[in-house]
Amino acid sequence: MITLDRRRSMAAPRRSRPGKPRRFCAKGSAGPAPSGGARSTWKALSWLALLALLLIPALAVALGAEPAQLDAAARITVVYDNVPHAPGLRTAWGFAAVVDTGEERVLFDTGGDGERLLHNLERLGIAPASIDAVMLSHIHGDHTGGLDAFLDRNPSVTVYVPESFGAAFERKLRRRGTKVEPVSGPRHLLANLYSTGEMGEATREQALIVETQSGLVVLTGCAHPGVVEIARAAQAYRGREVQLLLGGFHLRNQRPRELERTLQGLQALGVRRVAPSHCTGDQAITHFREHWGEHFVPSGCGAVIEAR
């Protein structure tokens, strides 16, 4: 919530210059009538102000700077993960989650195997045809391997991919009749959903940002560019704190001192809740649980997480 600080000006009144008597108008007097030139100028300025009011929102949309929807909420269902959570689902190395905002339903990553992905979607009551778009975080097979099987069920979705995927990957999808949107920099996707844009060097990766009433939800596939860097980029882009950070944090092989720096970096950014899984690693997940306490959110295959 933004609180406006209204303060009365304490500046001293300006003194009139000597030799130039101040002009006063009697109470109720309209004062001297404006000249014809002044009236024309005022009319032109009024039209310009009206035009600006009409054009500024449209320009903001074009630049991906839509205002936050203060009543927005999201439900995130983890549909593919190597970390188990709910019974009756098939776990395997990889990650995928369905983000439902009430207006749009997006599949973030597709796991590594299409058969497992479709099985888990069915068990969780999510029809592939109900998905409006797919967003792929990066090109590794444990995040893109389920895409073909999913598109067999729903080829009409829009797929948002990092621009570094290349033309051959895009042509393959377009031959199926699927619309492809390459993503380079930070941009608006759908409703209250955004991309950080491609980040990192060796492995280019984008993360999904969801605007909610109480802050940002950030989903990471593997966080190859660094989970602190991704959270920082999301906050810088949208100008709000991260209320929930969720997904793979790529910390399995971090040494204790490096892991501690990562934890401190996220806390310094004010990340309020964390839900690590996939490539975060068991040891790192334990440390997140200890550092965030009641604000640690258990995650894994089948987890359903609400964010408002």
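At what angle do helix α6 and helix α7 pack, and how far apart are their axes?

## Packing of two helices

In this predicted model, helix α6 spans residues 227–238 and helix α7 spans residues 256–269. The two helices pack at an angle of about 10°, and their axes lie 9 Å apart. Angles under 35 degrees count as roughly parallel, and α6 and α7 are therefore described as roughly parallel to each other. Their crossing is left-handed.

Residue E198 is located in the loop that lies between strand β8 (193–195) and strand β9 (208–212). Is E198 buried or exposed? Its relative accessible area is 13%; because buried means under 20%, E198 is classed as buried.

Leaving aside residues up to four places away in sequence, E198 touches P162, E163, S164, V183, S184, R204, E205 and Q206. With one of these residues, S164, the side chain of E198 forms a polar contact of 2.4 Å.

## Confidence of the model

The protein chain has a mean pLDDT of 86, and 77% of its residues reach 70 or more. Over residues 1–31, however, pLDDT stays under 50, and the model has 3 contacts beyond four places in sequence for this stretch. The pLDDT is also below 50 over residues 56–65, a stretch with 9 contacts in the model beyond near neighbours in sequence.

Definitions and conventions: Residues numbered from 1 in each chain as written. Predicted model: local features only at pLDDT ≥ 70, side-chain atom pairs only at ≥ 80, totals over all residues. Heavy atoms only, no water. pLDDT = per-residue confidence, 0-100. Contact = heavy atoms within 4.5 Å. Helix = DSSP H or I, 4+ residues; strand = E, 2+ residues; numbered from the N terminus. Buried < 20%, exposed > 50% of the residue type's maximum accessible area, 1.4 Å probe, protein only. Polar contact = N/O pair within 3.5 Å; in protein donor to acceptor, adjacent residues only side chain to side chain. Axes fitted to C-alpha atoms, helices over the stretch in contact; angles between N-to-C directions. Parallel < 35°, antiparallel > 145°, perpendicular 65-115°, else oblique. Left-handed = near helix turned anticlockwise from the far one by under 90°.
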